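Student: Could you take a close look at the aromatic rings in this model with me? I would like to see how they meet one another and what lies around them.

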Amino acid sequence: MSTDLQTLQPTAELVGRELDLVAVQGRLQDPAARLITLTGTGGVGKSRLAAEAARGVAELFPGGIHPLDLPACPDLETALARIAQIVRGATAPTLLLLDGVEHLAGGLAPALAGHLAATPALTVLATGQEVLRLYGERVVPVPPLPTPGPLLEPDVADVQDNPAVRLFICCAHEANPQFALTAENVEAVVDICNLLEGVPLVLELAARRLRLYPPQELRAWLRRGGDSHLPGPVDVPPRQRSTLAIADWSCRGLSQDQRLLLARLALFQGGLTLATAEKVSPLGAGETAVALEALLDRNLLTLEENPHTDSRLTMSRTLRAYGLALLDAAGPGQAGAARQAHARFYQKLLHTLEDRFHGSEQQRWLRAAAAEHDNVLAALHHLTDAHDQRAPHRTGAAHPRGGRLERERPAALLERAALVTACLCPWLIRGELTQGLRWFDSTERALHDEEGEEDEERLRARARLSTGAGVLAAALGDYDGAAHRQRRAVEAYKRLRDPGAGALAAARRGYALFRCGDRAAGQSLLSAARTTLNVQGDTAGSAEAATALAEVLLAGGESTPARALLERAERIQRQNGAIRDLARTLRVTARLCLHAGDESAARAALRESISLYDSIDERTELPAVLDTFALLLLRTAGQPQRAARLLAAAQALRARTGAGSDGADRDQLPGAAAELRRQLGRTVFASAWAEGLRLRPAAMAAEALAVAEPGRAEERSEAGALTPRQLQVALLVADGMTNRQIAHQLDIAEWTVVNHVRHVMRKLGCNSRVQVAWAVGRRQ
């Protein structure tokens with residue numbers, strides 16, 4: 001056995017890579033796999049994984065395991081000489097471990113091909129940000145560690161087994177032996193792991209800062225960009241001693257064109273589509289294609305596939321910070337022009353998409369807009385900064401080039417207003433209510449305060465901002481504020497002589513007044529507005545007003561006219577393909593059916609409403625329909641645990657978005673929760689409630705749509721197909737054990753437990769470990 005193996009002894013536990021380790025060792029055990037390359041972005045842990053994998057299969061290579069750190073070699077010739085020295089005379093199976101091939105790949109590849117052909121006993125395990133491109137090369141992508149994802153109320157038990165969290169905790173113990181994951185710091189730890197994207201080396205470097213900051217302060221420091229120069233230990237290769245060193249090493253050897261494109265793409269938060277990259281590239285079409293391919297080959301960019309929208313190019317947080325530094329180094333003029341181009345691109349894109357948010361392909365375009373949320377916010381901030389920088393001096397002195405800049409200021413503000421108003425529908429659906437309202441209100445105030453005579457363009461922009469702000473305020477449950485903003489919009493549209501837009505704003509004001517308690521005023525405004533919208537031929541606006549008016553009439557006990565209005569609104573909305581408006585109308589229809597005692601029709605309307613909201617990933621109005629559905633379940637009895645989960649899920653989503661509760665159901669919710677607690681008992685109710693709080697929006701809809709029809713038992717067709725081992729695992733899950741505890745109990749690998757749990761959930765039709773416990777309880 002080669003003494004070189006001593007250099008592979010680990011200095012720390014390999015965390016979160018159990019399945020990856022099995023995959024690499026499986027390839028090393030395959031005699032046909034002569035060249036294996038682990039590839040991934042800088043800091044992802046390729047070297048550590050390769051060393052651990054080699055150590056685990058050392059007995060397969062009696063000729064020795066020979067590690068070679070290529071970046072430590074002064075030049076290619078030295079690296080080739082050392083490789084030749086290792087390979088020379090290798091007769092027994094030998095493993096050559098090449099670390100960091102990325103900057104020598106072109107020169108190494110021919111020599112390695114020759115050695116592999118001439119030495120049958122040789123196997124090569126390489127790591128690098130790009131592959132060697134040799135025939136027979138087995139490429140193993142090494143992604144970042146999975147992160148917990150956004151959680152409203154993270155629980156220690158839910159996240160302690162997450163790979164990114166486990167690594168952070170392990171490194172935190174090294175920095176501060178007193179550190180423990182607790183209910184007080186779990187939210188901050190989850191946010192840190194999400195923020196740092198699960199990149200192991202960056203997580204390790206950040207955890208070292210716990211010597212200086214508690215987790216909550218560390219999170220705030222990282223959000224301010226503190227991780228861009230995180231220092232690391234001195235006993236590692238120089239390229240791994242800081243986040244700046246990681247990025248600098250990763251970008252070493254890039255051409256000027258490649259650096260220029262990387263800097264421009266760093267402006268895009270959350271990634272961008274390939275088509276967008278081609279449009280905003282400062283290079284020609286041919287040069288852009290070549291540069292993109294080079295950046296992808298070196299894992300500086302990653303192409304992420306999405307089943308619902310276009311694939312996106314993404315860049316790690318560390319590389320984005322490096323790219324932005326490159327952009328700023330090019331000078332304020334070039335950096336400013338790039339940011340302005342970015343903002344203009346999104347202003348044009350959202351304006352183009354605005355009309356498609358209500359068409360036949362609205363699901364696709366709404367998802368596309370949601371994917372661009374972070375980029376849109378960056379564009380808005382730039383347009384705001386551009387307007388502020390062009391503000392005239394308050395001293396009264398003439399502003400340099402004052403005439404041109406004075407024309408640019410309102411232009412930048414109008415561009416910002418156009419982008420803000422185009423975001424209304426996506427923000428409503430995503431539940432970005434508070435943030436959206438701030439942008440609408442601040443932009444409207446800035447236009448109002450702008451000096452000079454107000455022309456028609458400015459007045460129309462203010463009117464659109466006021467009515468959009470009113471819609472967002474109503475979604476937040478601030479109906480007084482909504483009525484005030486819609487009144488301003490009505491007045492502006494009167495000045496513009498636009499009766500159609502004015503009538504829609506008046507209808508929305510009428511509904512807000514009704515929700516404030518003035519039913520008579522609300523009904524009067526809604527009736528008049530609906531008449532005007534019919535005259536103007538605005539069928540969508542007329543249907544919206546009809547649904548609101550039906551709700552007002554239903555509150556007054558006038559069921560017959562309310563039913564006629566709802567039927568007309570539903571017919572129009574189905575014809576127009578207005579998914580969100582139709583879902584709202586069906587929700588009111590369900591309430592009407594319940595008022596008439598027709599629970600079957602109410603259930604059907606609510607199920608379709610939930611399905612429609614789910615189809616567009618709606619988050620603002622989904623809580624209200626979940627509440628109504630849960631109350632219906634409580635009335636029909638038989639599924640109290642699901643009712644509890646749905647009520648909790650609605651509460652969690654409402655807390656996440658800030659959406660106001662539906663006035664018709666609000667007063668019943670405390671009593672419903674108390675009744676469910678009585679039916680289920682404190683312990684089962686608490687478990688069901690906790691499970692509901694952790695559901696994600698898509699899972700919330702699935703939970704509701706999985707409700708069995710009255711009189712039919714819930715069917716789990718594959719429940720009886722559990723193997724003895726799967727049943728054993730399911731019972732331990734029901735006992736509250738973690739995957740690690742189950743693995744220890746059964747003396748099997750943790751990754752085996754993960755697979756068993758997945759199969760159990762699939763066979764039992766469960767979405768969570770708590771549901772597995774309930775399912776197993778029903779089968780006992």
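Tutor: Gladly! In this predicted model, Phe268, Phe345 and Tyr346 are linked by ring pairs into a cluster. Counting pairs with ring centres within 6.5 Å, the total is eight aromatic pairs. One of them joins phenylalanine 345 to tyrosine 346: the centres lie 5.1 Å apart and the planes stand at 90 degrees, an edge-to-face arrangement. Phenylalanine 345 and tyrosine 346 are both buried.

Now turn to the pair made by phenylalanine 685 and tryptophan 689. With 5.4 Å between the ring centres, their planes meet at 35 degrees, so this pair is tilted. Both residues belong to helix α33 (residues 682–693), and because they are four residues apart there, about one helical turn separates them. Phenylalanine 685 and tryptophan 689 are buried as well.

The charged end of arginine 364 sits over the ring of tryptophan 365, 4.3 Å from its centre. Arginine 356 also places its charged end over the ring of tryptophan 365, at 4.8 Å from the centre.

An open sheet of three strands runs in the order β6-β8-β7, with antiparallel pairing. Its edge strands, β6 (272–273) and β7 (302–304), each pair on one side only. Strand β8 (residues 312–314) is joined to β6 by two bridges, and threonine 273 stands opposite arginine 312 in β8.

How values were computed. Residues numbered from 1 in each chain as written. Predicted model: local features only at pLDDT ≥ 70, side-chain atom pairs only at ≥ 80, totals over all residues. Heavy atoms only, no water. Phe/Tyr/Trp six-rings, centres within 6.5 Å; stacked < 30°, edge-to-face > 60°. Buried < 20%, exposed > 50% of the residue type's maximum accessible area, 1.4 Å probe, protein only. Lys NZ or Arg CZ within 6 Å of the ring centre and 35° of its normal. Pairing = 2+ DSSP bridges.
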